[in-house]
Amino acid sequence: MTILYGQQNQIQSFRSTKVTTDTDPLPPLPPKPGQKAKAQILPVAHTTSDNMTAEFDPKTGNMKRMKQWGQFIYEEGERHAVGDTAFLENDTNVMDIDKNARFWDATGSTNGEHIKVAESTGDFDAVGHVTTTRLPEPKKNASALLDDDAPSQGAADHIWTVSVPGHKNRLVHYEGHAVLWQTANRIQADRIDIDRD
């Protein structure tokens, strides 16, 4: 590990090889008056890579940006990701995975040349020969095209999701050579928008 210090011995940046990181979750916000605290067990974010650099804010000492490359692997509870290179912007809490990018959780997976993941919501924005697999959901929340028991597949130049309060990844947008299929059923268009509700 090579550490570069700035003024007043504040860490300015560092570089390391054969890296493993563990990031503890932030504690939950205190309950509002009259509300009970929710019991939450939040997972630790774990990464590995061949190389890593990190840049720090000279005024606060907080990390601004981290880059990991060479067999990047990310795990946080049910969320997983891999890619050649990944950037984490600490201010926005957005993970940016470049080349051979793949992101998956218990509901399905996304592959593309470039995937951005908002760690707070799990929303993603993927570009470049993007493919998705969405696993069947329980009947009450079923969003499969035609068959609640079969996974649905998708492909497009650009795919992104939007969460709304109480429903993760509710809106899914496929744009550019969009195709969705499930078993023998197929939909094709320039753009396909899905509201999973």
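**Salt bridges and strands**

Mentor: Glu 89 counts as partly exposed because its relative accessibility is 30%; buried means under 20% relative accessible area, exposed over 50%, and partly exposed in between (1.4 Å probe, protein chains only). Note that this is a predicted model, in which local features need pLDDT of at least 70 and side-chain atom pairs count only at pLDDT 80 or more, while totals for chains, interfaces and linings use all residues. Residues are numbered from 1 along each chain as its sequence is written, and side-chain values use heavy atoms, with hydrogens and water left out.

Trainee: With which residue does Glu 89 form a salt bridge?

Mentor: Side chains of opposite charge can pair when their charged atoms come close. The cut-off for a salt bridge is a side-chain nitrogen of Lys or Arg within 4 Å of a carboxyl oxygen of Asp or Glu. Here the partner of Glu 89 is Arg 65, with the closest N and O atoms 2.6 Å apart. The two residues link distant parts of the chain, 24 residues apart, with Arg 65 in strand β4 and Glu 89 in strand β5. Strands are DSSP runs (E, at least two residues), numbered from the N terminus. Arg 65 is partly exposed because its relative accessibility is 32%.

Trainee: How many salt bridges does the structure hold?

Mentor: There are 4 salt bridges. One of them joins Arg 191 to Glu 175, with 2.9 Å between the closest N and O atoms. That pair also links distant parts of the chain: Arg 191 is in strand β11 (residues 185-195) and Glu 175 in strand β10 (residues 167-182), 16 residues apart. Arg 191 meets Asp 193 in a salt bridge too, at 3.1 Å from N to O. Through shared partners, Glu 175, Arg 191 and Asp 193 form one network.

Trainee: How do β4 and β5 pair, parallel or antiparallel?

Mentor: Two strands pair if DSSP finds at least two bridges between them. β4 and β5 (residues 79-89) are antiparallel, with 10 bridges. Within this pairing, Tyr 74 stands opposite Ala 81 in β5. The two strands make a hairpin with 2 residues between them, and Gly 77 in the turn has a positive phi of about 60 degrees.

Trainee: Which strand is joined to β4 by 9 bridges?

Mentor: That is β3 (residues 45-56), which runs antiparallel to β4 (residues 63-76). Asn 51 has Trp 69 in β4 as its bridge partner. This hairpin has 6 residues between the strands, and Gly 61 takes a positive phi near 80 degrees.

Key. Helix = DSSP H or I, 4+ residues; strand = E, 2+ residues; numbered from the N terminus.
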